[in-house]
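User: I am new to this structure and would like a close look at a single part of it, the place where the two chains meet. Please take me through that part and then through what lies around it.

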Amino acid sequence: MSNFAMLSILPFLGILFIIWRILRVAKSTSNRFNWSQRLNKWVLYIYVGILLLAAFVYELISANGDEIVAPKEYTMLKTENKVFQQAFENNEESKFDPNFLVEEWTQELEGDTLEIISIGSNFPTERLNIEWTDSKEQLVEVKMYKTHSYMDGINLGEEIPLSKIEIKDKQIILKAPPHKELTYYRFSNELAALSIVDSLDVREQRRVLGYTYIYLKVPKHINVIDKDGLQFY
Amino acid sequence: MFLSNSTLGEVVRTQVKFKMNAYLGTLVSLVFVQLLGLVFSMNGTSSMSTNINNTDIQVVVVSTDTVFIFVAIWALFIGNVITTKGYRNSNLSFVTNSFSNNLSNIIVLIMMSVFAGVTTFLSNNILRTVLPLFNNVDYVKSVSIIDDPLGSIINMGLLICLILMISAGGYLWGTLVYMHKAYMFLLIVLIIATPTTKTGQMILQFIFVDNGSLLFLIVKLIGVSIVLFVLAIVCSNRLEVRR
């Protein structure tokens with residue numbers, strides 16, 4: 001028998017012991033006290049009443065603004081993200097979904113050098129791509145896009161803070177948002193133990209992870225310094 | 001010659017009525033067991049987490065699994081307990097035989113399983129109501145009984161059948177222990193042997209894994225329960241004299 005199998009049995013035996021003790025204590029208590037049948041019935045009536053009341057109250061509780069997305073909608077959201085990602089990698093700006101556009105800037109540079117700096121995170125939180133233009137001017141266009149992010153029915157796009165972009169004369173500074181933790185409760189009527197494989201598949205299907213994309217349009221004569229390796233493509 | 005002739009149905013009905021009243025305390029113990037399970041469920045059954053833009057996102061899933069584990073062990077003991085000497089002696093109040101006694105016990109276990117299954121299913125609603133009130137976290141509106149009545153009934157049925165199968169196992173165990181005390185250790189041996197031996201794993205896989213739908217699983221569980229109850233009746237019939 002493997003150590004893992006032995007260890008997995010131990011909690012079960014522990015619970016077995018706890019329940020056995022509860023039943024023993026319950027039995028000895030009922031022997032000592034005259035716990036009448038009427039009292040038993042009342043305990044059961046009250047418990048069932050509380051359960052039914054809780055089921056009713058749950059219907060009335062609002063869900064803090066989170067929305068449920070039907071499973072078939074996830075496929076659509078994933079496809080939209082994928083189409084955007086491909087267009088982004090191929091520098092096909094005309095195919096970018098305008099709904100993903102968050103903000104855009106235009107900056108006139110001083111000199112022929114543009115430095116891109118990422119701060120606030122060990123790993124870049126944005127994906128960056130540069131389209132080289134034939135323009136002779138010093139203008140740089142910066143566009144920020146954000147694709148869909150849903151997890152277990154929660155629209156994360158509304159909850160996740162975006163990176164901040166600071167544009168200076170010779171620099172574009174991408175500031176990662178401060179570290180944040182979000183916890184959500186999700187309730188299930190199903191026994192997870194009996195559908196662990198299915199539920200993992202279902203949960204993976206219910207997860208759409210989007211990214212923040214920075215798209216730069218830079219004239220060819222400008223020298224871009226990307227020390228942090230933000231430009232993947 | 002008797003002044004009145006009772007049919008098997010009448011005898012069993014009288015016994016069930018008496019036993020349900022006599023064993024009401026076991027249902028109260030179920031309430032406490034479920035409440036204990038709910039306390040242990042408060043941290044969730046499983047969780048999924050990811051990180052986007054420096055933000056750690058965690059979705060904690062709260063299901064009835066923990067409560068069910070507690071109730072399953074309760075069912076095992078209850079199936080066992082009603083075969084013990086104290087409970088058997090209560091049969092002396094009736095004109096009965098082994099078969100009618102077993103039949104009434106089985107009906108009582110079925111009724112208790114239905115109660116345990118329904119309340120286990122509904123117990124999740126207590127957490128649904130309490131957790132958002134006392135925790136400073138957001139929660140996702142999850143499928144409720146009204147949203148998915150058919151799914152809820154199937155899940156409730158599944159819980160009932162699982163609890164019934166476990167109580168049937170407990171009943172068979174109790175009957176065997178009544179035959180010979182050495183069978184007391186059978187449960188421990190089975191708990192260790194089933195998940196660790198090939199045969200045990202095959203049985204578990206046949207019952208719980210190879211199922212097209214939950215309804216098929218329910219049918220299998222009912223089948224296993226019937227087999228366990230029949231075995232208990234057969235073993236019990238071998239006991240001719242009350243010990």
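Analyst: The area buried between chain A and chain B comes to about 7,100 Å², and carbon and sulfur atoms give 69% of it. This is a predicted model, and every value here is computed from it. On the side of chain A, the residues that lose the most area to chain B are Tyr185(A), Phe187(A) and Asn189(A), which together make up 13% of what that side buries. Counted by residues, 70 of chain A are in contact with 75 of chain B.

Which parts of chain A supply this side? Helix 1 (3–32), helix 2 (37–60) and strand 9 (180–187) of chain A each give at least two residues to the side that touches chain B. Helix 2 of chain A has the largest share, with 15 residues. Sorted by class, the side of chain A that touches chain B holds 45 nonpolar, 15 polar and 10 charged residues.

Polar links and charged links give separate counts. Between chain A and chain B there are 17 residue pairs in polar contact, with both residues at pLDDT 80 or more. For salt bridges across the interface of chain A and chain B, the rule finds 0.

The two chains also meet through strand pairing. Strands of a sheet pair through backbone hydrogen bonds, in either a parallel or an antiparallel sense. Here strand 9 of chain A runs parallel to strand 2 (residues 55–62) of chain B, and 8 bridges join them. Within strand 2 of chain B, Gln58(B) is the residue opposite Thr183(A).

Strand 2 of chain B has a further partner within chain B. Strand 1 (residues 46–52) of chain B is joined to strand 2 of chain B by 7 bridges, and these two run antiparallel. Val59(B), in strand 2 of chain B, stands opposite Met48(B). The two strands form a hairpin with 2 residues between them, and Asn53(B) in the turn has a positive phi of about 50°.

Chain B as a whole has 9 helices and 3 strands. Its elements follow the order α-α-β-β-α-α-α-β-α-α-α-α from the N terminus on. The C-alpha atoms of chain B fill a box of roughly 85 × 40 × 30 Å along the principal axes.

Next come some contacts inside chain A. The whole structure has 6 salt bridges over all chains. In one of them, Glu93(A) pairs with Lys217(A), with the closest N and O atoms 2.7 Å apart.

Phe84(A) belongs to helix 3 (residues 71–89) of chain A, and Phe96(A), 12 residues apart from it, to the loop between helix 3 and strand 1 (101–108) of chain A.

Chain A also has an open sheet of 3 strands in the order 6-5-10, with antiparallel pairing. Strand 6 (154–155) and strand 10 (207–208) of chain A are at the edges with a single partner strand each, so one side of each is left without a neighbour in the sheet. Strand 5 (residues 150–151) of chain A pairs with strand 10 of chain A over 2 bridges, and Tyr150(A) has Val208(A) as its bridge partner.

Note on methods:
Residues numbered from 1 in each chain as written. Chains lettered and ligands numbered in written order. Predicted model: local features only at pLDDT ≥ 70, side-chain atom pairs only at ≥ 80, totals over all residues. Heavy atoms only, no water. Contact = heavy atoms within 4.5 Å. Buried area = accessible area lost by both parts, 1.4 Å probe. Salt bridge = Lys/Arg side-chain N within 4 Å of Asp/Glu carboxyl O. Polar contact = N/O pair within 3.5 Å; in protein donor to acceptor, adjacent residues only side chain to side chain. Helix = DSSP H or I, 4+ residues; strand = E, 2+ residues; numbered from the N terminus. Nonpolar A, V, L, I, M, F, W, Y, C, P; charged D, E, K, R; others polar. Pairing = 2+ DSSP bridges.
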